[in-house]
Amino acid sequence: MTLRLFYNANIITMDSALPKAEAMVINDLGKIEAIGIESDLRNQFGSFSEEMNYNGQTIIPGLNDAHIHVWKIGHLRTYMLDVRGVKSIVEFKQKLKDFADKNPTSNWIMARGINEMVLDEKRLPTKEDLDEVIVDRPVFVIRTCAHIGIANSKAMDISNVDATTEVPFGGEIRKNQDGTLQGIFTERALGLIMNNIPAFTFDEYKNMILEAHAYLLSLGITSATDPAANEELLAAYIKLDQEGLLKVRMNVFPLRIPDGSDDIQVLPEQYESDFLQIKTVKFFSDGGLSSATAALNIPYKNTDGYKGVLRLDYDTFYETAKEAVNKGFSVATHAIGHQAVDLTLKVYSDLFKINPNLKHRIEHVGFLSNENIQDFKRMNMTAAMQPIFIYELANNFKSTLPDALLDVVYPCKTVLDNKINLALSTDGPVVKEINPWVNIETAVTRKAADGSVIGESQKITVQQALKAYTVGSAIADNLEHKKGSLTVGKYADFIVLNKNPFELLDVSTVETLETWINGKIKHKKQL
C-alpha cells in the first residue's frame, strides 16, 4: 500500500480523543491511515512514497455546509441574473434590462436576490415595474429568501394566472385594493409560475452544479447538503456521480410536495456512494423569516395580527412523511416559526413511534420552546441553522420581528447548552455570503454587517462553531463514521488555512489555501 506523510503541521482534528496532531499518514484509498506525532509515525512506517512539509500551517477537516442550495448557487453563476445587493428599483430595472439585452435567446428571464428592506423604495417590485423593462418575454424575479417571487404580465399570461386563479393552500397571490394582481406570489403559490418555466436539461444542471462545486472548494467546503431536489435534479446528481464528476460530497434531499401543486413527488430509490447520498426527504412547513412569512405564534410588527404562513396541515404532512419513513428515509423539514416547529415535532413524534432508529432534522429553527427542546433531545435530532442570516438580513428582522423575539432568534447556544446536535450552514443563495468563516464569526459575535448585534444571548465559541461545521454536520448526514474529523479510517478530506482561527479575534479573515478530498488536492489558492 502506498503511504504519504503530511507533517510539520498544526492539525486540529476535531476528534475529542486526539484533538491535535502534527502529522498524518494517508493511504492510497484516500483515507487516514494514522495521525499523531511525526516521530512516532516515522518509526511506525519507516518510509513513505511522498512527504509533504507544511511548515507549521494549520490543517482542519474539510467543512460541511449542512444546508446550501448548490445548484442554485451555480445557477446564479451561469444562467441567472444576480440582483443581491441592488439598492433601488431603478438600479434593479437597469440590471434587468442589461441582462435581457445580453441574453436575447433566453426564453425566460430569471433573476434572484431582491430584498425590499435594502431598497430606497422599501417595497418589492411589481409586475408593472417588470413590464416597463420587458414585455415580449416572461420574467420571474425571486426574492432573496426564495419564498416570494414577482412575475411580469407575460409570465402570468403563459401560466394562465389572473385575478380569478385559486390560491393554493399555504400560499398567497397578492392583489391591489381594486382586486388586480401585483404580480407577487408567496410560498406554495410560487409554483403557479415556476411550474411553467421549462425544465433544465442535464447539461444545464451539470454546468450549474460543477460551477458551484468549484466555488465551494475554494472556500474549503468538501461536503454539502442540497436540501430540495425535484426528480430531474436528482437524476442529474446520480448521473454526475456515476460518471465520477462530482467534486464535493453531496447529501441531496428529494422534495416531497412541490410548490403550486397538491401532487406528491414520487419517492426515489435510496442511493449512497462515496460522493452522493439520497436517504432523507424534505418538507416545507412554513415560510421565511426575512420575508415575514414564517409562522410565528405572535403577530409581526406593524401588521393587523398577521402571523405568517403555515404551508402544511398535519394529515398531509404525516401521511406523506410516513410513506417515506416506512421505506427507510429520514425526514428534514424547513421550520422557522413557532407554529411550524410545533407542527413538525408533532409529526416527528408520531413518526418516531414507527421507527425510532431514524434520525430526523429541522432546517433553520428560528425559535424553540422548552417542550420543543425536550422533543429534540428525546428523538436525538439535529438543528441545522444559519447564523449568517443575522449578518445579511438583520434589517429585515429588526423591521418585522417583535422585540421579544430578536434576542432568541436562531438559538444556537440554547441548542448546544441542551446537548442537541447543531449543524451550521448558510442556505446560499438566500444570502450572498457563503464563506464559512464569516458564518462562524457571526455565530460567535451575532453581529450584522452594520455592526448591530442580534441575539447576544445566543453567542457560541469558535470551537463550538467549527465543530458544528465539521462533526455536527457529519452527524446530521448520519456519516460521522466517515467524515467530520481527521480520524484513522475516515476520508482524508481536509483544508489548509492561512491562519490559525484559534489565535484570532476575528475569524472572518481566515482563508483556505488548499482543499483536499480523498487525499487528493482539489483546489489551491493562487498566491
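# Cysteines, cavities and a sheet

Reader: Is cysteine 412 buried or exposed?

Author: Cysteine 412 is buried, its relative accessible area being 1%. Buried stands for under 20% relative accessible area and exposed for over 50%, with partly exposed in between (1.4 Å probe, protein chains only). The model is predicted, so local features need pLDDT of at least 70 and side-chain atom pairs pLDDT 80 or more, whereas totals for chains, interfaces and linings use all residues. Residues are numbered from 1 along each chain as its sequence is written, and side-chain values use heavy atoms, without hydrogens and water.

Reader: How many disulfides does the structure hold?

Author: A disulfide is a pair of cysteine sulfur atoms within 2.5 Å. The structure holds zero disulfides. Cysteine 145 takes part in none, and the nearest cysteine sulfur, that of cysteine 412, is 20 Å away. Cysteine 412 is likewise in no disulfide, the nearest cysteine sulfur being that of cysteine 145, 20 Å away. Cysteine 145 counts as buried because its relative accessibility is 6%.

Reader: How many cavities of 30 Å³ or more are there?

Author: A cavity is a set of points, on a 1 Å grid over the protein atoms alone, where a 1.4 Å probe fits but cannot get out; lining residues have an atom within 4 Å of a point. Points are joined across faces, edges and corners, and volume is the space filled by probe spheres set on them. The structure holds four cavities of 30 Å³ or more.

Reader: Which strands each supply at least two residues of the lining of the largest cavity?

Author: Strands (E, at least two residues) are DSSP runs numbered from the N terminus. Strand E16 (249-254) and strand E18 (276-278) each supply at least two residues of that lining. E16 gives the most, with three residues.

Reader: In what order do the five strands of the open sheet stand?

Author: Strands of a sheet pair through backbone hydrogen bonds, either parallel or antiparallel. A pair requires at least two DSSP bridges. The five strands run in the order E8-E15-E16-E18-E17, with mixed pairing. Strand E8 (63-65) and strand E17 (271-272) are at the edges, each with a single partner strand, so one side of each has no neighbour in the sheet. E8 pairs with strand E15 (residues 221-229) in the parallel sense over three bridges. Leucine 63 stands opposite isoleucine 221 in E15.

Notes. 1 Å grid on protein atoms, 1.4 Å probe; cavity = no way out; pocket = protein on both sides within 12 Å on 5 of 7 lines; lining within 4 Å. Helix = DSSP H or I, 4+ residues; strand = E, 2+ residues; numbered from the N terminus.
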